[in-house]
Amino acid sequence: MIEVIGLKKSFGSLTVLESISLTVPRGGVVALIGPSGSGKSTLLRCLNLLTIPDSGIIRLDTQTMDFSKGDRLPRDRELAAFRAKTGMVFQSFNLFPHMTALENIMEGPVTVRKAKQSDARALALGLLAKVGLRDKADVYPEKLSGGQKQRVAIARALAMQPQVMLFDEVTSALDPELVGEVLAVIRQLAAEGMTMVLVTHEMAFARDVADRVVFMRDGVVMEEGAASQLIDNPTQQATRTFLSHFHGGREGARESSGRVGSS
Ligand code: ADP
Ligand code: MG
């Protein structure tokens, strides 16, 4: 579903991604872990072409983007078609404050896909139910908890019917007791076969929900492997050092507090 080959990105003299290669099969879930500043967000943004790589190849489903020919950047229409295949959810929810939960979810289908209001409404109500917030349709973001806002943001991304979902530390800004309800939604999407790449600091969650884990540091993939193997038995010293910050930490116990379907 996703194939990344030799992806490079620098900002000025700072090399942020150094020849990253990555494969995610259809229905696969890959967790990206690593210290702050290692390039995880930049990699996700490149997958969504919010950031244009300097060189390398990204294949998404049937579409291939080759950035190695720097002087021939993809045209806007190509970029838009490519972007539409991915849905991205960020740490900050970025909901439109002047729109209800329902209107936030309808916005993309109506304005971008030119869907009929009635169709977009039915889709949005279905997605609200899916994230356990059917009763919050007419509520404005300011009246929602962080966990509820993040679930609306996930529903909004799903409304564009992406083939791949990208999650960038979507629980990092949440109070601990709200983390579980968001992870539960992501877990459910994984069970339904959604292809996903997620950046997370929730190691127990990564081990549990991801098939593969990729450990990045300084713009390089230091280690990659089956989720439980990499997290329980990393082979690289750098991975062990990073993971030692989490052992005995608060994650693990966290998700049990969350259920889909409660709001
Ligand atoms: P992570 O998500 O792993 O914390 P990021 O991908 O956000 O890492 O950032 C990697 C490095 O790239 C950091 O040093 C960051 O300051 C830098 N960086 C990210 N985006 C930009 C940008 N638009 N301009 C300049 N530097 C950037
Ligand atoms: Mg980041």
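**View 1. Lining of the largest pocket by residue class.** In this predicted model, the lining of the largest pocket comprises twelve nonpolar, eight polar and four charged residues (nonpolar: Ala, Val, Leu, Ile, Met, Phe, Trp, Tyr, Cys and Pro; charged: Asp, Glu, Lys and Arg; polar: the others, Gly among them). Of the 24 lining residues, T86, G87, M88, A157 and M160 lie nearest the pocket centre. Helix 2 (76–83), strand 6 (86–89), helix 3 and helix 5 each give two or more residues to this lining. The pocket volume is about 620 Å³. On a 1 Å grid over the protein atoms alone, a pocket is an open set with protein on both sides within 12 Å along at least five of seven lines, a cavity is a set of points where a 1.4 Å probe fits but cannot get out, and lining residues have an atom within 4 Å of a point.

**View 2. Packing of helix 3 (residues 101–111) and helix 5 (residues 146–158).** The two helices pack at an angle of about 25 degrees, with axes 8 Å apart. Helix 3 is therefore roughly parallel to helix 5 (angles under 35 degrees). A101, N104 and I105 of helix 3 meet V152, A155 and R156 of helix 5 (heavy atoms within 4.5 Å).

**View 3. The largest cavity.** About 80 Å³ of space lies in the largest cavity. Its lining includes F167, E169, L183, H201 and F205. Helix 6 (176–191) and strand 8 (195–199) each supply at least two lining residues.

Residues are numbered from 1 along each chain as its sequence is written. Local features need pLDDT of at least 70, and side-chain atom pairs count only at pLDDT 80 or more.

Notes
Chains lettered and ligands numbered in written order. Heavy atoms only, no water. Axes fitted to C-alpha atoms, helices over the stretch in contact; angles between N-to-C directions. Helix = DSSP H or I, 4+ residues; strand = E, 2+ residues; numbered from the N terminus. Parallel < 35°, antiparallel > 145°, perpendicular 65-115°, else oblique. Points joined across faces, edges and corners; volume = space filled by probe spheres on them.
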